[in-house]
Amino acid sequence: LANALKNNQLHLMFQPLLNIKGDDTEHYEVYLRMQTISGEIVSGAVIFNSPSISEEMKRKIDRWGIIEATKSLGSHRAKGHSTKIFINLSSASLTDEKLPNWLGVALNASGLPKGSVIFQFHEDDAIRTLLQTQNFTQALQEKGIPTSISRFGCALNPMQNLQRLDVSYVKIDGSFTQELNNDEAFTHLKG
């Protein structure tokens, strides 16, 4: 991974998100990918879930992703787009006490409008590191930086957990929405 960082083998992908409110703001979620020496593409989830990757390396990768994503967003917004991005953070970053201040400085230096970058983390990571995540979200909120919890709803007492975190967005776990494409899921609504 250290070589991948040095040799530009890490890449970001931007997936559009649907805004059901219908406003003109584009929303994208940022995903990390790495190309191995053999040419295989590895997802960020595989990288961050690997027990052989140190917490410090995960933090370095997250910071690299933040810098690259905000550069891309700045270029895109300069073309007249009103775009917001969701940047996924590893659990290692949620426990990094220096990250909120670093983010404040980095986002101010980027010249991006407040609220155009949303930092997102998984519900299970938040629950595992609840006190640190509470401190993290509160520190970002004080700086006007929104946060999002993703894969929400699978933990025990998800609403109670949500009340403990100061988040601006909630993304429901995909397991709750898989059935929406199935017409049979709507049969009880037919009258």
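How much space lies in the second largest pocket? About 160 Å³.

First, the basis. This is a predicted model, in which local features need pLDDT of at least 70 and side-chain atom pairs count only at pLDDT 80 or more, while totals for chains, interfaces and linings use all residues. Residues are numbered from 1 along each chain as its sequence is written, and side-chain values use heavy atoms, with hydrogens and water left out.

Let me start with strand E2, residues 26–35. Helices (H or I, at least four residues) and strands (E, at least two) are DSSP runs numbered from the N terminus, and two strands pair if DSSP finds at least two bridges between them. E2 pairs with strand E1, residues 10–17, in the antiparallel sense over 8 bridges. Within that pairing, Glu29 of E2 has Gln15 opposite. E2 also runs parallel to strand E4, residues 83–88, with 5 bridges joining them. Glu29 has Phe86 as its bridge partner in E4, and Val30 has Ile87.

E2 has a further antiparallel pairing, over 3 bridges, with strand E3, residues 41–43. Here Ser43 in E3 stands opposite Arg33. The hairpin of E2 and E3 has 5 residues between the strands, and Gly39 there takes a positive phi near 95 degrees.

Back on E1, a word about Pro16, which belongs to that strand. Its relative accessible area is 54%, so Pro16 is exposed; buried means under 20% relative accessible area, exposed over 50%, and partly exposed in between, with a 1.4 Å probe and protein chains only. From Pro16 to Val30 is 14 residues in sequence and 9.1 Å in space, C-alpha to C-alpha.

Now from E4 to strand E5. These two run parallel and are joined by 4 bridges, with Ile87 opposite Phe119 in E5. Why is E5, residues 117–122, described as largely enclosed by the rest of the structure? Because 6 of its 6 residues are buried. Val117, Phe119 and Phe121 point one way from E5, and Ile118, Gln120 and His122 point the other way.

Next, the rings. A search of the whole structure finds 1 aromatic pair. The partners are Phe86 and Tyr169, with ring centres 5.1 Å apart and planes at 75 degrees, so the pair is edge-to-face. The cut-offs are as follows: rings of Phe, Tyr and Trp (its six-membered ring) pair if their centres lie within 6.5 Å, and planes under 30 degrees apart count as stacked, over 60 as edge-to-face and the rest as tilted. Since Phe86 lies in E4 and Tyr169 in strand E7, residues 169–172, the pair ties together parts that are 83 residues apart in sequence. Phe86 counts as buried, at 4% relative accessibility, whereas Tyr169 is partly exposed at 27%.

There is also a charge over a ring. The charged end of Arg63 sits over the ring of Trp102, 4.7 Å from its centre. The criterion is NZ of Lys or CZ of Arg within 6 Å of the ring centre and within 35 degrees of the ring normal.

Finally, the second largest pocket. Its lining has 15 residues, and the closest to the centre are Leu107, Asn108, Leu112, Lys114 and Ile145. A pocket here is an open set of points on a 1 Å grid over the protein atoms alone where a 1.4 Å probe fits, with protein on both sides within 12 Å along at least five of seven lines; lining residues have an atom within 4 Å of a point. Helix H5, residues 99–110, gives the largest share of the lining, 4 residues.

Leu99 is buried, at 1% relative accessibility. Leu140 is 41 residues from Leu99 in sequence and 9.4 Å away in space, C-alpha to C-alpha.

Definitions and conventions. Grid points are joined across faces, edges and corners, and a volume is the space filled by probe spheres set on the points.
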